[in-house]
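Hi everyone, thanks for coming. Today I'd like to walk you through one structure, so please have a look at it with me.

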Amino acid sequence: MERRIKAIIISLAIISTLSAVLADRVAAQDYVAPPVTISKEKVKIDGKVFHSHIVLEKQTLFSISKAYNVTVDDIYRFNPTLKETGLKKNSIILIPTAETIAANESHPEIQKHTAVQELPHKKVEGNVHMVRWFEDLATIAEKYGVSEHSIMAVNGLKDKKLKNRQKLIIPSPAICICPEESEPPTENETAEEEDMNLDTAFEDKDTVQVVFPTLNKVNATLLIPLKATGASSSRGNMDFYCGALLAAKDMTEEGIDVDLEVYDIANGSFGTTKAGLESSDLIIGPVAADDIRKLYSLAPGIGPVISPLDPRSEAVANEHETFIQAPSSQMSQYRDMAAWIKEDLMSDDKVVVISEKEARANDEGRKMIAALDSAGLAYTPFSYSILDGREIQIPIEEKMTDVGVNRVVIASDSEAFVNDVVRNLNLIIHDKFNVILYAPAKIRTFETIEVENFHNTSLHASLTYYIDYEDQRVKNFLMKYRALFGTEPTQFAFQGYDVARYFLGLYSKYGEYWNQMIDKSDSNMLQSSFVCRPVPGGGFTNTGIKRIIYGKDYSIIPVK
């Protein structure tokens with residue numbers, strides 16, 4: 001039975017939690033309002049001190065005012081936008097201290113602005129913004145419609161580096177503080193900038209910065225085979241869906257209204273009409289290339305369409321200009337591997353490529369060699385039969401240098417052969433040869449290779465996906481996901497979050513100009529890197545790769 005799932009930032013966990021609450025017969029009269037904890041974080045603005053309070057779910061102005069021993073009017077006075085927007089979960093409001101209230105009563109003229117910053121010869125008035133982990137100075141400046149230099153000048157910043165939860169005073173958009181002076185541009189300068197053609201601005205982004213108004217709402221469609229009505233649901237796709245929901249939820253809390261319509265297409269039907277598809281700002285899915293082609297056949301005018309999970313769908317990018325291949329391909333790993341060797345190569349080093357003699361299926365090996373050739377790398381080839389593995393150590397050493405680093409590539413995806421080469425490399429390292437092994441992601445899936453051997457060979461791996469659990473962004477995601485769904489996220493959940501977060505953010509930032517800005521919007525996400533580039537057919541493929549190094553001390557080091 002065809003089933004349409006409409007999700008406007010609703011999670012399955014929330015539904016199940018509500019069901020559990022009803023089952024436990026928790027009556028409404030048992031509800032206890034969440035306590036308000038007085039914030040220990042304070043901010044000083046124009047000599048006045050405020051508590052920086054983060055609004056939690058179900059907190060009210062009344063409960064907050066009681067906790068801080070101020071009036072609701074006191075809160076409104078220093079947060080003038082609250083009367084229009086109301087309290088929002090996770091928003092930051094300023095709570096005046098008793099001294100600030102007393103000083104304000106003596107100087108009522110400061111009531112009308114949230115923040116005031118003294119600058120030479122003028123006062124700059126504006127709002128307070130707390131930096132989130134994913135924001136940089138450019139995105140904050142665009143959000144408020146001001147220049148980066150204006151924010152730097154108002155806050156006394158010496159460079160563009162920001163810290164998570166750092167508080168910034170944002171000047172009014174009417175005020176522009178230019179790099180060489182404190183006066184806004186002249187009318188002629190403003191008019192000249194407005195007359196510039198948008199396409200010209202894209203060609204030379206150093207000449208003028210085009211500011212796109214951020215869209216407050218994005219309508220997105222997720223087409224994915226969930227098998228929600230059958231006995232065996234698709235766990236991976238369901239996890240992807242949950243990750244996408246969390247991304248949409250985060251964006252909504254940041255002020256972007258995401259309307260995400262989700263359709264279970266496990267039965268072969270898209271569950272919606274041509275008009276419904278064409279009215280969507282962007283579509284995530286389907287997974288298989290044949291289903292993507294069927295989608296374009298049904299609604300040729302749609303776009304962008306993001307292929308979320310299957311690298312084999314890359315060929316569709318050559319057929320449709322609105323298509324984006326999100327997972328990077330195996331060939332992207334090989335190209336990155338070659339580029340990495342070229343970056344590391346020193347004058348005394350040697351590149352050695354080891355392959356299997358008379359291999360019956362060596363397509364991947366040939367592709368690796370093609371990537372090395374395309375990068376212009378000179379290398380020493382060596383091939384042997386796996387039956388000769390026990391006697392091959394000395395012949396390999398004869399191909400190597402004992403002066404510099406031997407940068408080795410195993411041009412094969414045969415687990416038995418790769419395992420044999422790695423074993424020999426460890427013996428060669430024992431003979432005091434300096435060896436570094438470069439490889440794509442697949443080598444990490446070979447169960448017969450001891451992880452210790454990866455560390456011994458200082459494996460440099462080029463990967464499509466990698467999760468650094470020391471990254472604070474990943475830690476934040478884990479806490480949110482566990483709280484929302486009551487389980488650990490899989491790689492599919494990370495992929496769902498990354499794809500939805502990146503592409504929804506791209507569209508909300510650039511709207512219909514997304515295709516002109518996507519190759520200027522590279523981003524390193526939680527699990528994936530997005531480096532989308534155009535292909536001859538007009539679409540885009542992701543060439544983003546994560547790099548990691550296996551350290552001799554048994555550490556795994558992500559390469560930034």
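I'll talk about a seven-stranded sheet, then a covered strand, and finally the cavities.

This is a predicted model, where local features need pLDDT of at least 70 and side-chain atom pairs count only at pLDDT 80 or more, while totals for chains, interfaces and linings use all residues. Residues are numbered from 1 along each chain as its sequence is written, and side-chain values use heavy atoms, with hydrogens and water left out.

Let's begin with the sheet. It is open, has seven strands in the order β14-β13-β15-β16-β17-β22-β23, and its pairing is mixed. Strands here are DSSP runs of E with at least two residues, helices are runs of H or I with at least four, and both are numbered from the N terminus. Two strands pair if DSSP finds at least two bridges between them. Why is one side of β14 and of β23 left without a neighbour in the sheet? Because β14 (380–384) and β23 (556–559) stand at the edges, with a single partner strand each. From one strand to the next, the twist averages 25°.

Within this sheet, β17 (residues 460–463) and β22 (residues 546–550) run antiparallel and are joined by four bridges. There, Ala461 stands opposite Ile548 in β22. Helix α14 packs on the sheet and touches β13 (350–356), β15 (406–410) and β16; contact means heavy atoms within 4.5 Å. The direction of α14 makes about 140° with that of β15, using lines fitted to C-alpha atoms, for helices over the stretch in contact, and angles from 0 to 180 degrees between N-to-C directions.

Now to β8 (residues 217–224). Is this strand mostly covered or mostly open? Mostly covered: six of its eight residues are buried, meaning under 20% relative accessible area with a 1.4 Å probe, protein chains only. β8 runs parallel to β9 (residues 257–264), with eight bridges between them, and Asn219 stands opposite Asp259 in β9. β8 also pairs in the parallel sense with β10 (residues 282–284), over three bridges.

Last, the cavities. A cavity is a set of points on a 1 Å grid over the protein atoms alone where a 1.4 Å probe fits but cannot get out, and lining residues have an atom within 4 Å of a point. The structure holds five cavities of 30 Å³ or more. Among the 14 residues lining the largest cavity, Met368, Ser412, Val418, Pro440 and Ile443 are the closest to its centre. Strand β16 gives the largest share of that lining, three residues.

Technical notes: 1 Å grid on protein atoms, 1.4 Å probe; cavity = no way out; pocket = protein on both sides within 12 Å on 5 of 7 lines; lining within 4 Å. Points joined across faces, edges and corners; volume = space filled by probe spheres on them. Buried < 20%, exposed > 50% of the residue type's maximum accessible area, 1.4 Å probe, protein only.
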